[in-house]
Amino acid sequence: MQREKMFKRDEEEEGEEEKDEEDNSSLELLESPVSQHLWRATKVKDDDEMLLSPIQSGSTTPTNNLRVSNLMTPANSKLNSQVLVEKLLVVEAAQKETDPAVWSNDQLNYILSDMIRQIEIGRSCQERGSQRTEDLSTQDQLRLLHRKMDQSNPNVLFVRYLCFLSDRDYQGALDSLHQYHDVLSPRQGDCLSGNASSDGNSSTSRSAGSAGLHFRGSGIQYAALNLAGLQIVFDHCNAAQESIQEAIRVAQHHGDHICVAFALAWMIRINLKIGASKDDVLQLVGSCLDRAKELRLPALQVLATLTEVESDLMRYNTTRPEAVGTASQLVSHIFAAHAPAPRPIHIWSRLYATMQSIASISTPPSIFSNNGTRAMNALQAQVGAGSDSCGRFSGSGMDWVKSTEAILDTVWNLSGKVTLSTAAGWGLFGQRSLEKVFNRMHLLCYEDSASTGEIVQTVSRMAISNLAQTDKGEVVYVRALKFLVGLCEDESGAEKRRYLLDDMTFQRTLHYLFFLWALQRGEFMRGEVHLNAVLVLSPQGKDFLSYLEALMLKANLWTYVGDYTRSLELLEILESTCTELGFAHLHAQVLIAISRTRFQAAAPHAPFASLNVLLKSVDICRRHHYDLLLAEAHVVMAEIYIAMGKLQDAYSLLNDQMPLVMEHGTVSLRGECLLVLGKTMVASIKRLEEGANGSSSAAKNAIVTLRASAEMFMLVQNMRRLKEVCYMQSLVYNHMAHEAEQCSSESTSFCTRREEAAAIFLKRSSQLKRAAFLTVEPFFDLETSETIRRVIAYRLSEC
């Protein structure tokens with residue numbers, strides 16, 4: 001009996017121990033529904049321990065003797081931050097030991113990490129906003145968590161900072177940032193490591209928005225660096241430069257080279273915003289690349305290389321001005337593309353090198369060291385954690401890259417940026433089909449990991465690429481606008497991507513397309529309204545290149561109105577600015593616009609004033625392989641040749657560029673090319689009038705070409721060009737009628753078509769007079785998809 005009692009007592013003690021272990025293990029590993037991290041509740045004792053959470057607090061010490069039972073989350077503990085906060089509202093919930101309301105501070109910190117990811121992405125919250133209006137807001141969740149946790153918890157202060165940042169509250173964000181760094185101790189800086197990879201992911205990107213402009217590290221250098229990030233978001237560029245200089249000085253004093261590397265990356269971002277010269281940008285890029293290679297920061301190295309590629313694509317060196325040809329070289333066969341131009345191999349080789357660097361981030365080493373370092377620490381070294389043997393970085397903010405998902409996010413995000421750069425390269429080189437492929441690839445594959453600015457950049461390029469499509473005979477601007485609106489809706493018509501309509505760049509693209517449409521139709525008052533909106537949405541201090549592009553639109557409007565003097569003055573200012581700062585692509589566009597404006601403003605017998613300017617544009621296009629822009633310059637040059645009487649040179653020039661224009665050019669450029677070719681044929685008919693050989697066939701070819709040109713202009717509703725086409729058609733039909741009368745043939749059909757063309761000419765003239773005074777609609781609004789569709793339908797019904 002005594003033996004049985006001892007056996008029962010031992011069995012009961014073992015049962016109680018197993019029950020305690022099961023209760024503890026239920027809190028051990030939890031799977032986050034938002035970030036899908038595997039989280040360990042225990043406090044990390046060793047720097048070699050594998051960190052699986054992007055945020056960990058050392059302020060509390062839950063049970064340390066926890067046994068790992070499995071890697072799956074118990075069904076009753078799969079709770080997100082919303083559920084947790086709602087349970088905090090119930091006081092009675094705290095009575096149960098296993099209730100989330102009594103979770104440890106570490107567990108609540110992990111909920112905060114999920115909130116950080118939601119706030120930084122931003123899009124998911126906006127998408128759910130219309131569907132879950134009854135849920136608590138992020139500020140309410142934060143207030144309840146702040147009441148539950150330590151009042152000076154750095155994680156809560158950091159989430160509050162992000163909330164103020166997303167609400168564009170500068171003073172609130174500044175106060176929260178100061179409080180965060182005031183309570184952050186150096187040891188907490190090691191544990192509270194932020195997204196170092198995302199810090200770099202947006203530091204050199206022109207369109208990344210405010211995502212990632214913060215660094216989770218302790219010390220004065222990171223306080224100054226985060227202050228600079230806040231000032232960059234609010235476009236306080238001068239103050240941001242001073243803050244970055246302070247961060248660099250303090251970081252160099254403490255030997256924090258990683259902080260210096262990221263500070264240089266953010267300095268590159270500022271220089272791109274204010275429009276610094278290419279030489280200044282590349283000097284910073286070179287310093288950043290050297291430090292990234294030395295510190296083994298491949299993510300930052302990739303981003304700096306992409307910035308270098310972007311500069312080479314769109315700009316040229318200002319310290320070594322490029323040689324420009326002379327007017328004596330203005331011979332058509334020199335500039336015509338008889339054979340495909342050599343591709344800039346160095347651009348693609350560097351893009352390939354970035355993909356190799358990205359692959360090195362995601363590929364773990366096959367052999368690990370024997371000093372107790374875990375496999376994730378080896379991955380950390382590849383991502384760019386430096387060469388410290390113990391894995392500690394003195395508050396440098398790099399610990400978060402030990403997370404498996406952090407590495408995957410970094411790889412995916414960088415791959416998306418390379419795809420964007422590749423699409424931009426193909427677009428500048430005139431390969432619209434390949435540009436469309438890579439833009440579509442980015443939207444389909446990388447939308448979840450991309451920032452809002454990158455998504456807007458992608459969809460804007462895709463919409464503008466619709467200007468080169470002639471499917472279904474629909475007006476190209478209507479198709480492009482409907483494409484943008486369709487992205488904001490789901491199949492049922494409900495708004496799907498509300499964040500797009502709230503984005504400044506997206507709104508600028510909408511107004512840009514409406515402006516082009518109004519300009520083609522001769523609606524100058526409407527066009528001016530859209531132009532003013534584009535100018536407001538392109539502030540000089542936020543994106544200097546977009547500001548210059550908006551000024552060029554203003555010059556184009558003045559040219560269409562006929563105010564050539566003001567247009568030329570503005571274009572000459574833009575030319576000097578582009579020359580000074582090295583904006584090669586925009587410089588070529590401005591030179592083409594100057595040449596076209598001077599040609600239109602010059603007397604018919606003096607077309608030579610625009611030749612030298614056009615020659616400079618052709619030279620820039622040839623040096624930088626802007627093939628499609630070169631074709632546009634050739635169209636203007638061919639029209640000048642016609643005025644000079646060099647019909648054969650003009651004809652050869654157009655025929656050489658016709659395949660590229662018809663395959664990759666916009667519908668408007670195709671119409672211009674066909675119209676100038678038709679003018680060449682009409683001028684050739686007049687030369688053949690006396691000798692009559694071939695005059696009839698030339699007239700028929702001219703009519704066919706002019707009809708094809710009219711079809712292109714109908715797709716863009718270019719009333720001025722359609723009027724000009726009708727005038728040219730009436731001239732050709734008149735010539736054919738006279739020729740038939742001289743040959744004693746039937747001329748009635750030609751006379752009838754001549755009268756029809758003349759009638760349409762008068763109709764277009766009246767339409768242009770009426771269109772010049774049309775104003776925007778009383779219901780005009782671009783805030784919702786429904787109102788945008790209403791504006792599109794109303795303007796379509798006017799024609």
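Select helix 20 (residues 452-465) and helix 21 (residues 476-487), whose axes come within 8 Å and cross at roughly 150°. They are therefore roughly antiparallel to each other, a label for angles over 145 degrees. The axes are lines fitted to C-alpha atoms over the stretch in contact, with angles from 0 to 180 degrees between N-to-C directions, and the helices are DSSP runs (H or I, at least four residues) numbered from the N terminus.

This is a predicted model, where local features need pLDDT of at least 70, side-chain atom pairs count only at pLDDT 80 or more, and totals for chains, interfaces and linings use all residues. Residues are numbered from 1 along each chain as its sequence is written, and side-chain values use heavy atoms, leaving out hydrogens and water.

Now show side chains: Val459, Met462 and Ala463 of helix 20 meet Ala480, Phe483, Leu484 and Leu487 of helix 21 (contact means heavy atoms within 4.5 Å).

Next, pick helix 7 (residues 170-183) and helix 10 (residues 220-233), with axes that come within 11 Å and cross at roughly 165°. That makes helix 7 roughly antiparallel to helix 10. Among the residues in this contact are Tyr170 and His181 of helix 7 and Tyr222 and Gln231 of helix 10.

Last stop: the largest nonpolar core, with 138 residues. Such a core joins buried (under 20% relative accessible area, 1.4 Å probe, protein chains only) Ala, Val, Leu, Ile, Met, Phe, Trp, Tyr and Cys residues through side-chain atoms within 4.5 Å. Click Leu586, one of the residues touching the most other members. Leaving aside neighbours within four places in sequence, Leu586 contacts Leu545, Leu548, Glu549, Met552 and Cys578.

Technical notes. Buried means under 20% relative accessible area, exposed over 50%, partly exposed in between (1.4 Å probe, protein chains only). Helices (H or I, at least four residues) and strands (E, at least two) are DSSP runs, numbered from the N terminus. Angles under 35 degrees count as roughly parallel, over 145 as roughly antiparallel, 65 to 115 as roughly perpendicular and the rest as oblique.
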